[in-house]
Amino acid sequence: MVYITEDLVRRRSEHNDSEISSLEEVSLHQQDIERIQHLDRWCRDLRILYLQNNLIPRIENVGRLKKLEYLNLALNNIEVIENLEGCESLQKLDLTVNFVGRLSSVESLRHNVHLRELFLVGNPCTEFQGYRQYVVASLPQLKRLDGTEISRSERIAASQGLEEAKRRVWEQEKEYLTRRAREREEAQRKEAGEEKGNKDRKPGFDGRWYTDINNTAPALEENKESRDAEENAVNPDLDDARREKEFWETPCSFTPESRLEAHRHLEEKKKAKEKEKEKKPKAPRTLITAEGRVMNVNEPKLDFSLTEDEENNSIVLDLGVYRHMDTSLIDVDVQPTYARVTVKGKIFQMVLPAEVKPDSSTAQRSQTTGHLVLTMPRAEGEIKVTKSVPSPPRACPSRYSGSPEDHKR
């Protein structure tokens, strides 16, 4: 469960210098929040509150937000309109695509005398016969409902037939609540069945869970489970793929419980993937092969140029390290056949076109560009190719002499 924490609110209030006591607007959408809490104590000056696309089942703990003008709770699991009487300044309430089926709860908004706009589109109650007439007549302060303006003639007509509309709405509401009770019971039975199933199943040799075929009565079912277990032992991912397909393709009602179940399923998959990544650490990059071949590597993705200074009989590597990078974060190692530079833990390695003298090589930072310049004098003779693994690297003795300001290209 994701909670509304002080750290979360501060991170979402950068526009207010992370000061939450004087915060007037905050967006906490798509955070997987399952309960509204603390905001009525921490952010008493809130005027606009975005909580859309979360998993909130109930409107609560907002009654002390006296200055709140706009509350967005679209795409949540709310079933009843409640606890908004204390929001004296509320002008706009968005409950698009929730599960409000108790339409009579809309009457609690009569106390919000400044309420001008209400959005209930996508809720079960909007399917009730007489829905719009009932809401318009119940909330005379409304100017717009579901984005459509309420005309004076519509309001008069709604008021005239209010009693009949109430009767029809209450009948439909009763039927809906009866259906919802059955859906809750079914969801509870399913959850209890899954928990019992997990207890009755025991782990196989690879840590996965398989059905105990000894507890299966029919012989055909026993054979099927046995075959499945053998198949999964050969290909463990097959069972996961089958379960995943079954989960998403099995028909079910769109309810708060099914929405929460889908969220939990995705969270479990996400955690499983992260755990799998932790188990499989990234293989280290190959710098020198087993045959002794030196590889060209540019992990920091830096621009570079490699030139030959014929006049001074040397090879010059100009590496575009970041201008303001501290020199202590750079490490240089020159070998006869290659140069290696480590920049903040990332390796740049370049095979040289000719053999050089590591002991006579120098490394300097350019005062104008901040680039690292390696000057490597050529060695006499040609490079001798060998199949053996090279000896341990020798550190270049003159990595840096002084600070970057002491050197110019």
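## A threonine in a loop

T327 is found in the loop that lies between β12 (314-319) and β13 (330-334). This threonine is buried, its relative accessible area being 14%. Its side chain makes a polar contact of 3.2 Å with the side chain of R365. These values, like those that follow, are computed from a predicted model.

## The chain as a whole

The chain contains eight helices and 17 strands. It has 409 residues, of which 37% count as buried. Among contacts in the chain with a separation of 6 or more, 51% are between residues 24 or more positions apart.

Strand β13 runs antiparallel to β14, and five bridges join the two. One of the facing pairs consists of I330 and V343, the latter being the bridge partner in β14.

## A seven-stranded sheet

Another part of the chain forms an open sheet of seven strands, in the order β1-β2-β3-β4-β5-β6-β7 and with mixed pairing. Its edge strands are β1 (25-27) and β7 (148-149), each of which pairs on one side only.

Within this sheet, strand β2 (residues 48-50) pairs with strand β3 (residues 70-72) in the parallel sense, over three bridges. Across this pairing, Y50 stands opposite N72 in β3.

## Aromatic pairs

The count of aromatic pairs comes to three. One of them is formed by Y50 and Y70: the ring centres are 5.6 Å apart and the planes stand at 85 degrees, so the pair is edge-to-face. Because Y50 lies in strand β2 and Y70 in strand β3, the pair ties together parts that are 20 residues apart in sequence. Y70 counts as buried, with 14% relative accessibility. The ring of Y70 also has the charged end of K92 over it, 4.7 Å from the ring centre.

A further aromatic pair, F128 and Y176, is likewise edge-to-face, with 6.4 Å from centre to centre and 65 degrees between the planes. This pair links distant parts of the chain, 48 residues apart: F128 is in the loop between β5 (117-119) and α3 (131-138), whereas Y176 belongs to helix α5 (residues 162-200). Both partners are buried, F128 with a relative accessible area of 9% and Y176 at 6% relative accessibility.

## Helix α3 and an annotated segment

Six of the eight residues of α3 are buried, so the helix is largely enclosed by the rest of the structure. The buried residues of α3 are Y131, Y134, V135, V136, A137 and S138.

An unreviewed UniProt entry places the feature "domain: U2A'/phosphoprotein 32 family A C-terminal" at residues 128-146.

How values were computed: Residues are numbered from 1 along each chain as its sequence is written. This is a predicted model: local features need pLDDT of at least 70, side-chain atom pairs count only at pLDDT 80 or more; totals for chains, interfaces and linings use all residues. Side-chain values use heavy atoms; hydrogens and water are left out. UniProt positions are given in the numbering used here, feature names are shortened, and annotations may be inferred rather than shown by experiment. Two strands pair if DSSP finds at least two bridges between them. Helices (H or I, at least four residues) and strands (E, at least two) are DSSP runs, numbered from the N terminus. Buried means under 20% relative accessible area, exposed over 50%, partly exposed in between (1.4 Å probe, protein chains only). A polar contact is a pair of N or O atoms within 3.5 Å; within protein, one must be able to donate a hydrogen and the other to accept it, and residues adjacent in sequence count only if both atoms are side-chain atoms. Rings of Phe, Tyr and Trp (its six-membered ring) pair if their centres lie within 6.5 Å; planes under 30 degrees apart count as stacked, over 60 as edge-to-face and the rest as tilted. A charge sits over a ring if NZ of Lys or CZ of Arg is within 6 Å of the ring centre and within 35 degrees of the ring normal. Contact means heavy atoms within 4.5 Å.
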